[in-house]
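These are my notebook entries on a single protein chain. I record what I looked up, with the criterion behind each term.

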Amino acid sequence: MTNLYLNSCVDMKEAINCARMNQYDSITTPLVFPGFDREFVQKPMVEKHKIFGRSDTVMPWKQWLHYVIAAVSDDIDCDSENAEIRDGSERKLSQEMEFAEHVAQQGLIYVKLKSANNINLSRIISTYTKSIILLEVPMTNPNLVASQWRRDVSEEEGQEAEDTWTWWNNFRLHVDFNVKHRLSLVLSADIPSRDEILRWLGEPVEYLVVPSNIFIRNNANYPVLSVAHQEVLSLFVRRNNVKFMVKANQHDHSLRYYAEYLNHMHEKYKEVDPMNSLEDVIEIPLQPLFDNLDTYTYEVFERDPIKYILYQNAIEAALRDRVPDEEIDVKTVTLMVLGAGRGPLVRSALNAAANTKRKVKIYVVEKNQNSMNTLHALWREMWPRDVVQLIFSDMREFSPPEKADIIVSELLGSFGDNELSPECLDGAQVHLKEDGISIPSSYSSHLEPIMSSKLYNLVRLISKTENQFQRAKSKVMENTYVVYMKNVYHISPEPQCLFTFCHPNREPLINNNRYKNLRFTAKNDSVLHGFAGYFDTVLYKDVTMSIHPMTHTKGLLSWFSMFIPISNPVNLKAGDEIEVNFWRRVGQRKVWYEWSISSPQMSHIHNLNGRSCDILM
């Protein structure tokens with residue numbers, strides 16, 4: 001979708017028709033008469049100036065709603081030091097906001113942020129709750145750019161020009177991260193650093209504004225953007241699926257070419273992601289040890305094109321190590337698939353045996369009685385009955401007639417150990433020979449600080465459905481969530497390793513309680529909303545899988561990242577040290593995580609004693 005921004009508009013219908021003829025879907029324009037100034041003190045002009053805009057009857061309400069984004073006047077300055085200007089601006093803003101909500105209820109209202117001093121502006125805007133507010137912010141500070149070319153501005157004064165992200169951040173802190181307040185980000189001829197762009201990508205950017213004066217002409221005399229600007233566009237389209245807004249004169253002869261070019265860029269950079277419908281959707285992690293998984297969940301896991309190939313590769317390597325070529329006719333490997341589900345790991349094991357020409361005996365262990373029909377059907381119709389034996393039992397409780405050479409399981413969660421793989425495999429390793437092999441052989445969790453007002457607000461929305469808001473807020477902010485993260489900014493250069501578990505665990509006294517203190521450094525001014533969690537695993541020797549951003553296994557779809565929120569967001573300055581404490585606690589019937597912040601400011605310990613979320617054994 002592409003929108004046309006017009007500084008003024010005499011005839012609304014004519015402007016909309018012009019925009020649509022030139023391939024724009026809607027327009028953004030002030031509702032106030034062009035050049036009209038209002039009087040709020042001197043009579044009789046006060047009454048006369050209450051009529052400041054066109055009638056709402058010039059169009060049906062559906063046209064207002066679908067084709068017009070109502071912009072408030074540019075000269076409004078609700079935070080001016082001049083009391084007269086401030087008072088007049090407040091009255092203007094209230095007038096225009098009320099009229100905008102009147103003509104396009106639940107529509108979009110466009111407001112410009114001009115500095116980091118916007119507390120009064122944010123106070124007034126917060127009182128209007130029907131519409132979505134688009135806050136226009138320049139990607140780079142125009143004062144900073146101008147100072148580089150002016151001789152009357154010292155180098156120090158130029159460097160002190162505000163980071164425009166601070167304008168936005170101050171505003172959204174004042175309005176308490178209101179989900180209805182979104183960004184309209186203006187491109188300029190000057191492009192900020194890549195890391196500053198990445199920070200904007202973690203914000204709720206609805207529109208990328210492209211002024212007509214930054215277009216250049218190609219050899220065919222058509223308006224295009226520079227390669228550097230195209231790269232910025234590609235990042236926003238791929239990450240945020242952003243919409244475009246063109247700032248131009250209504251009589252610009254290149255209007256159509258701007259729209260055609262930007263629509264082409266959107267189609268060019270838009271990626272077909274099989275997970276598009278799941279972007280930034282928060283879900284409670286599964287508890288497969290306590291709950292039986294359903295058919296839908298099994299099907300989602302089984303569609304992964306990579307996971308079971310890697311498991312098969314690991315089993316093949318283990319079989320070759322277990323049985324030398326000269327013994328393949330006389331030696332049989334006992335293999336146990338622990339937590340078989342609907343059998344994908346059994347297929348991987350049978351394929352591995354066929355590829356390596358090794359003889360195997362496979363015990364298929366599954367506690368979910370609802371999978372019995374599926375596994376029995378596979379055993380009757382597809383699997384060799386003399387090779388495969390079905391056992392319906394908890395892996396920690398069954399008593400096989402012999403010990404295994406290899407145990408294979410897929411009990412890993414988004415945080416590695418959060419589906420209780422350590423407790424399950426530690427309990428099941430009594431069935432493994434002294435020199436037996438576990439697949440996976442080890443796995444580690446990783447943590448990093450993130451900024452995402454979108455995820456933070458999604459968690460808060462859960463609490464708002466509860467009657468006791470504060471109590472509910474505490475509970476949801478002390479939970480962990482699985483999410484396919486897109487609208488997020490990674491505050492520190494890279495994640496750090498948290499906890500590692502190895503199998504088989506030959507420690508004389510097994511203790512799966514863990515504690516670690518991690519320190520990160522903020523790259524830029526930002527807001528800490530919580531932490532992202534990942535895992536990587538060594539299945540066997542050099543066969544690995546990972547959802548770690550730096551080492552993510554290409555094509556792996558079975559796991560999303562973990563989002564671990566904090567109750568109160570922390571404002572960060574570039575260079576701030578973030579110190580987090582993380583615990584994994586094990587009780588008689590449950591396992592849970594606890595976490596807290598020690599720096600740059602202290603927080604309470606979240607989820608103390610598993611009061612808000614736990615993993616049942």
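**Entry 1: a lysine in a loop**

I began with K486, which lies in the loop between β17 (481-483) and β18 (489-490). I took helices (H or I, at least four residues) and strands (E, at least two) as DSSP runs, numbered from the N terminus. The model is a predicted one: local features need pLDDT of at least 70, side-chain atom pairs count only at pLDDT 80 or more, and totals for chains, interfaces and linings use all residues. Residues are numbered from 1 along each chain as its sequence is written, and side-chain values use heavy atoms, with hydrogens and water left out.

Why does K486 count as buried? Its relative accessibility is 13%, and buried means under 20% relative accessible area, exposed over 50%, partly exposed in between (1.4 Å probe, protein chains only).

I then looked up the polar contacts of K486. For this term I used a pair of N or O atoms within 3.5 Å; within protein, one must be able to donate a hydrogen and the other to accept it, and residues adjacent in sequence count only if both atoms are side-chain atoms. The side chain of K486 makes such a contact with the side chain of E279, at 3.1 Å. A polar atom of the K486 side chain also lies 3.5 Å from the backbone oxygen of R238.

**Entry 2: lysines over rings**

I searched for a charge over a ring (NZ of Lys or CZ of Arg within 6 Å of the ring centre and within 35 degrees of the ring normal). The charged end of K247 sits over the ring of Y5, 4.6 Å from the centre. K307 lies over the face of W559, 4.9 Å from the ring centre.

**Entry 3: parallel strands and crossovers**

I turned to strand β12 (residues 359-365), where 5 of the 7 residues are buried. Two strands pair if DSSP finds at least two bridges between them. Strand β11 (residues 332-338) runs parallel to β12 and is joined to it by 7 bridges; V337 stands opposite V364 in β12. From β11 the chain passes through helix α14 (residues 344-356) to β12 in a right-handed β-α-β crossover. Right-handed here means that, with the strands pointing away from the viewer, the path from the first strand over the helix to the second runs clockwise.

β12 also pairs in the parallel sense with strand β13 (residues 388-391), over 4 bridges, and I362 has V388 in β13 as its bridge partner. The crossover from β12 through helix α15 (residues 372-381) to β13 is right-handed.

**Entry 4: an open sheet and an aromatic cluster**

I traced an open sheet of 4 strands, ordered β20-β24-β25-β26 with antiparallel pairing. Its edge strands, each pairing on one side only, are β20 (514-521) and β26 (615-616). β20 and β24 (residues 577-586) are antiparallel and share 8 bridges, with N517 opposite N581 in β24.

I counted 14 aromatic pairs, taking rings of Phe, Tyr and Trp (its six-membered ring) as paired if their centres lie within 6.5 Å; planes under 30 degrees apart count as stacked, over 60 as edge-to-face and the rest as tilted. F415 and F582 form an edge-to-face pair, 5.8 Å centre to centre with 65° between the planes. F415 is in the loop between β14 (404-409) and α16 (421-428), and F582 is in strand β24, 167 residues apart. Both F415 and F582 are buried. Ring pairs link F415, F499, F582, Y593 and W595 into a cluster.

**Entry 5: chain totals**

The protein chain has 18 helices and 26 strands. Buried residues make up 55% of its 617 residues.
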